[in-house]
Amino acid sequence: MHQDRGRAESFGSAAEAYDAFRSGYPDALIDDLLAARPSNTLDVGCGTGKVAAAIAARGFRVVGVEPDQRMAAVARARGVEVDVVSFEDWDSRGEMFDLVTCGHAWQWIDPLIGGSKAASLLRPGGVIALFWNYHVLDEDLLAEVRVAYETYAPDLSVVGQDPSGLDDADPFGAVSSLSPGETRTYRWVREFDARDWPGMLSTFSDHQRLGEERLTALQQAVRRIIDRHGGQIAARGGTYVWSARKLSA
Ligand SMILES: C[S@@+](CC[C@H](N)C(=O)[O-])C[C@H]1O[C@@H](n2cnc3c(N)ncnc32)[C@H](O)[C@@H]1O
C-alpha cells in the first residue's frame, strides 16, 4: 500500500476531522507499552498525535515523525514534538530509542526500509509495536450499512464488518535483529452517534478517495440508518497489535 502516495498523503486534507472522529487507542495498550518505563519513544507517522500525546500525558519523552505539515500542526498544538518528514527520510541525529510505536501508519512506509530502520534505532531489548483499530457492527445494522455501500461505494470494503481479513504475516519477519513478531488484541466497545460514525468514515483514505459528492451521499445514508436505530450504535472493536523486541548483538 505504501506506493499509493495519493492515499498515504491524503490525511492532512482533513486533519481536524481526523483528530475529532478517528478512534484513539485503549489506555491498557498505552499502559502496557510504558510498563517497562522507556526513557524515550519514537512515534512513527504520528499524525495528529493520538499515540504520542497519550504517551506524553503519562510523563514520558516522545518524538513524532510525520510527513504531513497539517497533521503535524495538530500534534504540535497538543504539545507533541514532531519532525515533519517521512520515516524513510528521517534523520534521528544519533538518538536511539527504547520504544517505537506506529498506530495505523506502518502500511504507508516502504517495507524494504521501515523494519530495518526501526530496528537500527532501537536499543537492545527495546520494543517496536505496530497497531490498528477495527470496528464491528451488529449483523442487523451491518446488513443495512452494506446496502448503503452497494449504492454509493460498491468498491469499498465496509467499515464495521468482521475483521478476520487482518494481515497475519509477521511484519518483522525479514529483520534478523528483531525477535519474531507477537500479536495481541485489546478488545473494546464504543458508542457512536449519527455524527461520529459518518465523521469517522471521512477519515479513512479509501473513503476520502470517493470524492466529496459520493462520500457525502454515503455519510448521509449511514446517518439515516443510525437515526433509524435510535441515533446511537455500539461498535464491538479492538486494537490489533504486532510487537517485537530488539535482540542483543
Ligand atoms: C491513519 S494516519 C495515523 C496517524 C496516527 N498514528 C494515529 O494513530 O492516529 C497515517 C499517518 O501516516 C502518515 N504517513 C504516511 N506516509 C508516511 C511515511 N512514509 N512516514 C511516516 N508517516 C507517514 C500520514 O501522513 C498519516 O498522518
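Which residue forms a salt bridge with D98, and how far apart are the closest N and O atoms? The partner is R123, and the closest N and O atoms sit 2.9 Å apart. Before the close-ups, a word on the model: it is predicted, so local features need pLDDT of at least 70 and side-chain atom pairs count only at pLDDT 80 or more, while totals for chains, interfaces and linings use all residues. Residues are numbered from 1 along each chain as its sequence is written, and side-chain values use heavy atoms, with hydrogens and water left out.

**View 1. The D98 and R123 salt bridge.** A salt bridge here is a side-chain nitrogen of Lys or Arg within 4 Å of a carboxyl oxygen of Asp or Glu. D98 pairs with R123. D98 belongs to strand β4 (residues 97-103) and R123 to strand β5 (residues 122-136), so this pair ties together parts 25 residues apart in sequence. Strands (E, at least two residues) and helices (H or I, at least four) are DSSP runs, numbered from the N terminus. D98 is partly exposed at 23% relative accessibility, and R123 is partly exposed too, at 29%. Buried would be under 20% relative accessible area and exposed over 50%, with partly exposed in between (1.4 Å probe, protein chains only).

**View 2. The D19 and R78 salt bridge.** Here the closest N and O atoms of D19 and R78 are 3.1 Å apart. D19 is in helix α2 (residues 15-21) and R78 in the loop between α5 (69-77) and β3 (81-83), which puts the two 59 residues apart. R78 is partly exposed, with a relative accessible area of 39%.

View 3. R5 forms a salt bridge with E9, with 3.2 Å between the closest N and O atoms. R5 is partly exposed at 31% relative accessibility, and E9 is partly exposed at 46%. A polar side-chain atom of R5 also lies 3.0 Å from a nitrogen atom of the ligand.

View 4. The ligand is surrounded by 22 residues, the closest being Y18, Y25, G45, E66 and E88; a residue counts if one of its heavy atoms lies within 4 Å. An N or O atom in the Y18 side chain is 2.7 Å from a ligand oxygen, and a polar backbone atom of G103 is 2.8 Å from a ligand nitrogen. On its own the ligand exposes 600 Å², and the protein buries 99% of that (Shrake-Rupley method, 1.4 Å probe).

Key: Polar contact = N/O pair within 3.5 Å; in protein donor to acceptor, adjacent residues only side chain to side chain.
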